[in-house]
Amino acid sequence: MNLVNPYSQSLPQVGASSSNTSASTTASVQPQTTESSTGNPFLDNVRLPDSNATPEPNDNMLKQEDFFALLSQQLSMQDPFKPVENDQMIAQMASFSTVDGIANLNQEILNLNEVMSSSQALQASSLVGRKVLIPSDSGHVTAESGGVSGVVSTPEAIEKITIRVEDESGQLVTTFEIDGSEGGNVEVEWDGLDSKGEPVADGIYSLKASGDVEGQSQELPVSTYAHVTSVSLGNTSSGPILNLRGLGGILLSDVLAVSET
């Protein structure tokens, strides 16, 4: 009698089934690994992610709501046997109100600066076409405007004040004398003629003044009049700027006086 192992024919089937199961498992897993893997472990470790989303910037400034949230958190986490004293609570609330008041005050100041800038610009616009006294000894001479007029400031009464007129290169054009016996601010006017009595060319000329003060010859400060051609609004810190003919701009706050003509 031949003995037949009852499991001899089933074992290959089990093996085939096992191999089929393994193959199906491999087939089902392999597509997923090929999509996320390059086959090189080193490249898989250093590979950058598919998307690099840039986080949006956060506003790190604390607001009044944040302070109240911190206060509420503090109250909820306090020791019930050692609660916050009333005076500490009132002091913190007062601090929050002070911070909020300062923020509102800063905004009101900014609004006030804008209003003042507009008002100054309106006032400065009325100076267009007029002459203003500026702290400079230089004046612009043209055939239409003639010479240069200004003011010499003296510390005391001076019998004679010598005026020297120089061109842009510092060359002497002419000299003349004015009476300074009254002292203080002495008006000076140059007719635009050189030492030969001929009109000078258009350009910028300077008036230099000197006189005897306590027995010694000293240089005296001179301010000149300039013609305002236009006004620039400027900004809140500088204010309006007066544009002067041939001389550039000057701040409205630096103007010493305004002439009728």
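To find pockets, a 1 Å grid is laid over the protein atoms alone: a pocket is an open set of points where a 1.4 Å probe fits, with protein on both sides within 12 Å along at least five of seven lines, and its lining residues have an atom within 4 Å of a point. Grid points are joined across faces, edges and corners, and a volume is the space filled by probe spheres set on the points.

Before you select anything, note that this is a predicted model, where local features need pLDDT of at least 70 and side-chain atom pairs count only at pLDDT 80 or more, while totals for chains, interfaces and linings use all residues. Residues are numbered from 1 along each chain as its sequence is written, and side-chain values use heavy atoms, with hydrogens and water left out.

**Stop 1: the whole chain.** Colour by secondary structure and look for four helices and 12 strands; these are DSSP runs numbered from the N terminus, with helices (H or I) of at least four residues and strands (E) of at least two. Of the 261 residues, 20% count as buried, where buried means under 20% relative accessible area, exposed over 50%, and partly exposed in between (1.4 Å probe, protein chains only).

**Stop 2: the largest pocket.** Select Ser-149, Gly-150, Val-188, Glu-189 and Tyr-225, which lie nearest the centre of the largest pocket among its 15 lining residues. Strands E3 (148–154) and E6 (184–190) are the elements that give two or more residues to this lining. The space inside comes to about 260 Å³. By class, the lining divides into five nonpolar, six polar and four charged residues; Ala, Val, Leu, Ile, Met, Phe, Trp, Tyr, Cys and Pro count as nonpolar, Asp, Glu, Lys and Arg as charged, and the others, Gly among them, as polar.

**Stop 3: the second largest pocket.** Now pick residues from the lining of the second largest pocket, including Lys-131, His-140, Ser-149, Tyr-225, His-227 and Arg-245. Its volume is about 190 Å³. E9 supplies the largest share of this lining, with three residues.

**Stop 4: Arg-245.** Zoom in on Arg-245, in the loop between strands E10 (241–244) and E11 (248–251). Is Arg-245 buried or partly exposed? With a relative accessible area of 37%, Arg-245 is partly exposed. Leaving aside neighbours within four places in sequence, Arg-245 is in contact (heavy atoms within 4.5 Å) with His-140, His-227 and Thr-229. Try the distance tool on the C-alpha atoms of Arg-245 and Thr-229: they are 6.0 Å apart, though 16 residues separate the two along the chain.

**Stop 5: Ser-259.** Next, select Ser-259 in the segment after strand E12 (257–258). Ser-259 counts as buried because its relative accessible area is 18%. Beyond neighbours within four places in sequence, its contacts are Arg-130, Lys-131 and Tyr-225.

**Stop 6: the nonpolar cores.** A nonpolar core is a set of buried Ala, Val, Leu, Ile, Met, Phe, Trp, Tyr and Cys residues joined through side-chain atoms within 4.5 Å. Show side chains for Val-152, Ile-161, Ile-163, Trp-190 and Leu-207, which touch the most other members of the 19-residue largest core. Centre on Val-152, whose contacts away from its sequence neighbours within four places include Ile-161, Ile-163, Ile-178, Val-188 and Leu-220. To finish, select Leu-127, Ile-134, Leu-242 and Val-255, which belong to a second, separate core of 10 residues.
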